[in-house]
Amino acid sequence: MKQKGLGRGLDAIFGNDHLDAKLKPMTEMAEIAVSEIIPNPTQPRTQFDEEALDELADSIRTLGVIQPITVKRQGDGKYIIISGERRWRAAQRADVATLPAYIREVDDENLHAMALVENIQRQDLNAIEIALGMQRLIDECGLTQDALSEKVGKKRSTVSNFLRLLKLPDEIQLALKEGLISAGHAKAIAGAPTDRQLHLLKRCIKKDLSVRQIEELVRSFNAQRPAEPAEDEEYPESYLRLVEQLERFFSQEISIKRSKNGGGKIVIDFAGDADIEKFLTRFADK
């Protein structure tokens, strides 16, 4: 799932005036031994696609490193990566001895901020990685959502939508990270009542529902939620088996409600007339 870039450049995190005051100009560009370069321990990015790294390593063997990485010189003679860890990892696989690098003088606080901004602007991050990067900028760099939206060049509503993903259950976040659902699915599920979210995830994956179908289900939940059974009431196992059988025919939400007198009702949600036609087609095929 490919994400769009999120900003206007690293300078956006502080603004030009602040950068002039906090960052000294680039001191030099040099070829640095790969063995003398170390990753940033606070690197926001946690996952690297192994196949993509192998492809980049093959390219480096053939063409070399086209875009230099950016590093900070440490007191022990090592260089810590500000941006370009993926290129550094691929260079190690390609058995390249040196890498071209821009060397910048930057304090630890701004090194961390630059790494965070550089990462959330990448195009190959999943939505959860972007959301985590945004949250870290808020927590660790003291930014409000308004300030963050300005720094990364996105609307505040976009920032809020990403941050809402972090409130989803772990199972939904993992499904998004692994590409089982899209960011659109996850954002739609986030609008559902908390107790319905995991059910929607299961239904989405099992039935391969579209984002629009999820949105319709969420609207139906929020418009008219059925009364909840008493906490100590447990329905017979046969109720669950009936729902599972009905799920073979319907991708929509199915619920069974039992009244105090022993009766009840089976409710099958539908989004419009087109769903009724689908129901008829499915029954005709059986």
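I started with the sheet in this predicted model. I found an open sheet of 5 strands with mixed pairing, and I read the order as β1-β5-β3-β4-β2. At the edges I noted β1 (28-33) and β2 (37-38), each of which pairs on one side only.

I then looked up β3 (residues 69-73) against β5 (residues 98-104): the two strands pair in the parallel sense, over 4 bridges. For K72 I wrote down R104 as the bridge partner in β5.

Next I checked what covers the sheet. Helix α3 (residues 85-93) lies across β2, β3, β4 (79-83) and β5, and runs at about 125° to β4.

I moved on to helix pairs. For α5 (residues 127-141) and α7 (residues 156-164), I have axes that come within 8 Å and cross at roughly 110°. The range for roughly perpendicular is 65 to 115 degrees, so I logged α5 as roughly perpendicular to α7. From α5, the contact uses A127, I130, A131, M134, Q135 and I138; from α7, V159, F162 and L163.

H185, I189 and A190 of α9 make the contact with Q197, L200, L201 and C204 of α10. I sorted the residues of this α9 and α10 contact into 5 nonpolar, 2 polar and no charged.

How values were computed. Residues are numbered from 1 along each chain as its sequence is written. This is a predicted model: local features need pLDDT of at least 70, side-chain atom pairs count only at pLDDT 80 or more; totals for chains, interfaces and linings use all residues. Side-chain values use heavy atoms; hydrogens and water are left out. Axes are lines fitted to C-alpha atoms, for helices over the stretch in contact, and angles run from 0 to 180 degrees between N-to-C directions. Angles under 35 degrees count as roughly parallel, over 145 as roughly antiparallel, 65 to 115 as roughly perpendicular and the rest as oblique. Contact means heavy atoms within 4.5 Å. Two strands pair if DSSP finds at least two bridges between them. Ala, Val, Leu, Ile, Met, Phe, Trp, Tyr, Cys and Pro count as nonpolar, Asp, Glu, Lys and Arg as charged, and the others, Gly among them, as polar.
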